[in-house]
Amino acid sequence: MTGGGPRHFERLRQTLFGRRYWSKYRFTAGNEVQLFLSGEVFFTSLIERVDAAEKDVVLETYIFCNDDAGQAVSAALLRAADRGVRVRVITDGIGTARLPLFNDWPARGVEHRIYNPHLFGRFGFSRTHRKLAVVDDTAAWCGGINIVDDYENDGVRLPFRRWDFAVELKGPVVADVREAFETQWHRIRFGHRPVESLQPDFALKDDTTPGAPGHGRNRGADLRGAGEPVVAFVARDNLINRRAIEKAYLTAIGQARSEVLLANPYFMPGRKLRRALTFAARRGVDVKLIIGRKEFAALDYAVPFLYRSLLKAGVKIAEYEKTMLHGKVAVVDANWGTVGSSNLDALSLMLNNEANVVLVQDPQIGALREAILKAFDEALRIDLAHYEARPTGERLLNWLAYNTYRVVMKLLTVGGYD
């Protein structure tokens, strides 16, 4: 009998249920999307909606800070609870400290749960790195913006606003964001559901009526078409959507014809994603990659090890040092875009709970594209000749940092990271 383990389970569930029906996300039409390029406008939008809430507010975040932004959001949550609105908040056990402002929440009616309170908990090493909110099932938010002031980073004042993004959503996609929160809320209290309950809803497979609740579920969106705008909420976890976000990137890059723009603070993807970028560049696609710097020294040394193969294939790489680059965004062929919480590293792609929104043919993609291109122009371009001329000591340090990272991540992901 075949042994157990993550790889065996992956093969088993594909055999039983098939690839097509397992990743539970969908593309829906009829949504309204508003792109936010900073925390300030995101917080304004969120607080206005919370102050108008009549029934229900939910919020999930990796970081909730006791700064001006955090206090303003907390005050809005308390005001909502005081008038009888049900308010629930999920924070991460490592990303968020035990803040004094949390002490007021229980007495005022704000329900608070902590995901994996310890470094290694009942959910292993995983964190909830998602940034989500829903108000009255009419508006939802998703992106990379934590509940933290735009200019603050671990007590250090940033020279410019943190480079980050979020989207406000209205329409059918709101239900998908809400479902993800409810699943997480239940998971924290009761743990993972039995495997038997994880079987996909096969009733969805025949629902192809445009505008129907299940329309487009598990279907990729063709970048080459000129159809109506569609939106998908893509959440990854360690149970049924383990590769959902990575696959969304791979599908879009694989279809790219003219341009791939990608910005990410922690760029340490596995071989599949790196290969997709190099193949795109070799077939003539203009691939631009913006990488954040100066947050984690170990990554600053490890990431450049990956530059050589990318540069030789024609990928254009720039390192962004104007301020803290925290946005996890991409645009392909000016008609596919993603905004979310997922870094392109082993932790986000293989361990953490993450959430991205994928936009196809949406008007907001243009503004996202302009923001990425502007950041690329402001960043330090990496030249292949200069890169190849690095001192031997620096080359060895890059090699050591990358391979140390790779070994550690292979251990944490039980061999899943490649």
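A charge counts as sitting over a ring if NZ of Lys or CZ of Arg is within 6 Å of the ring centre and within 35 degrees of the ring normal. Please keep in mind that this model is predicted.

**Exercise 1.** Find which residue lies over the face of tyrosine 387, and which ring has lysine 288 over its face.

*Solution.* Start with tyrosine 387: arginine 390 lies over its face, at 3.9 Å from the ring centre. Next, follow lysine 288, which lies over the face of phenylalanine 376 at 5.8 Å from the ring centre.

**Exercise 2.** How many aromatic pairs does a search of the whole structure find, and how is the pair of phenylalanine 181 and tryptophan 185 arranged?

*Solution.* The search finds 14 aromatic pairs. In one of them, phenylalanine 181 and tryptophan 185 have ring centres 5.8 Å apart and planes at 20°. Planes under 30 degrees apart count as stacked, so this pair is stacked. Now place the two residues: they are 4 residues apart in helix H5 (residues 173-190), and therefore separated by about one helical turn. Both phenylalanine 181 and tryptophan 185 are buried.

**Exercise 3.** Describe the pair of tyrosine 405 and tyrosine 417, and say which parts the pair ties together.

*Solution.* The centres are 5.9 Å apart and the planes make an angle of 85°, an edge-to-face pair. Tyrosine 405 lies in helix H13 (residues 392-412) and tyrosine 417 in the segment after H13, so the pair ties together parts 12 residues apart in sequence. Tyrosine 405 and tyrosine 417 are both buried.

How values were computed
Residues are numbered from 1 along each chain as its sequence is written. This is a predicted model: local features need pLDDT of at least 70, side-chain atom pairs count only at pLDDT 80 or more; totals for chains, interfaces and linings use all residues. Side-chain values use heavy atoms; hydrogens and water are left out. Rings of Phe, Tyr and Trp (its six-membered ring) pair if their centres lie within 6.5 Å; planes under 30 degrees apart count as stacked, over 60 as edge-to-face and the rest as tilted. Buried means under 20% relative accessible area, exposed over 50%, partly exposed in between (1.4 Å probe, protein chains only).
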